[in-house]
Amino acid sequence: MESITAQVYAHASYKKDEAASLIFELTNHSKEPVHILKWNTPLEGLKTDCLAVLHNGKRIAYDGKLIKRGRPGPEDFLSLDPGRSAVAKIDVGESYDLSKAGKVKVSYRSEKMVYFRQPVTESLLLTASTSNVVGRNLNVRSKDAAFLISGGASPKLTAGEMVRRMEIKSDVALKPGGMIVEGLATGAALLPCTCRGGTPAQQAKVVKAHANGYRIAVKALEEMKKNPFYKTWFGLYTQAHFTHVKKNFRKIKKDFETRHFIYDLGTHGCGKTDYAYTYPRTRTIWICSAFWSAPDTGADSKAGTIVHEHSHASALTEDNAYGEDDCRTLAEKKPGKAIRNADSHEFFAKG
């Protein structure tokens, strides 16, 4: 069977205080060119949870960027001719905690790969699915690398841990009380947020989106039992799945009310089609260029972006699919992934 091989190469060992620099190589073993979406591969760096990293046999959680993205363009694809390879160098410790001594195995999560056999055009992307639930006729084979972590002084921190430590050091005194948001039950109170950078007009838009995001998240939680769109975004009802989604919205609501969120408007680290990004268990959200042209509410809106990113920060959701069409397909085909998908939570909340 024709295949694509995703192979990881590593040194025999690394110290805890140094970069765990690995080589990722993608090879096309088919008879025709393959057009691969760089998203969800190390070819764009470690911007997604695209690796399976095991420490002494136990999975290490992803602690890197969590991004709300728009639809990809042709420039986001890599065309790989038959027999050709693409190579990228990555530091696994940037997004996966390698601070403890032990044996580590790293492999590419082959189910994350999205590709087309035909050349990628704007018209194709308007009609074709770019989620990871579509059928494929190529076998994506993943070959892992094994190495040891030992020695070293101060362990190297992941990007997420560096942000969490930065937040502690630069903590801002919380204002007493909260903001009462119209249209919600008595007692609903939103903690004020802080904007870092940007113009006064941009800051006003973010503060409004913060309040709107809280409002739609709370309303989604209040109306969960009677919401006819549950199946659309999370698939067939099961008690376990329903309970999981409800817990997620409870976490989102609680953090809106008890944690002081900071929005960075400097667009640092943003991609061309990004709306915003954050890290797990943090309260800083970076606003990107696509956010400013988004409507206030509705699908892929400013309020929806806030819910999306808060679901990452507070409920540890993932990015298994983007956009309404792919999220509907995810709910139908793989509801277990839909209940953990950030865009699915956004659309359920009528972002």
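Select helix α8 (residues 324-333), in which Asp-325 and Arg-328 are three residues apart and therefore separated by about one helical turn. Helices (H or I, at least four residues) and strands (E, at least two) are DSSP runs, numbered from the N terminus. Asp-325 and Arg-328 form a salt bridge, with their closest N and O atoms 3.6 Å apart; the term denotes a side-chain nitrogen of Lys or Arg within 4 Å of a carboxyl oxygen of Asp or Glu. Arg-328 is partly exposed, at a relative accessible area of 36%. Buried means under 20% relative accessible area, exposed over 50%, and partly exposed in between (1.4 Å probe, protein chains only).

This is a predicted model, in which local features need pLDDT of at least 70 and side-chain atom pairs count only at pLDDT 80 or more, whereas totals for chains, interfaces and linings use all residues. Residues are numbered from 1 along each chain as its sequence is written, and side-chain values use heavy atoms, with hydrogens and water left out.

Next, select Arg-196 and Asp-264, whose side chains meet in a salt bridge (3.2 Å, N to O). Arg-196 belongs to strand β16 (residues 194-196) and Asp-264 to strand β17 (residues 262-264), so the pair ties together parts 68 residues apart in sequence. Is Asp-264 buried or exposed? At 9% relative accessibility, Asp-264 counts as buried, while Arg-196 is partly exposed at 30%.

Finally, select Asp-63, Glu-161, Arg-164 and Arg-165, which a network of salt bridges links. The whole structure contains 19 salt bridges.
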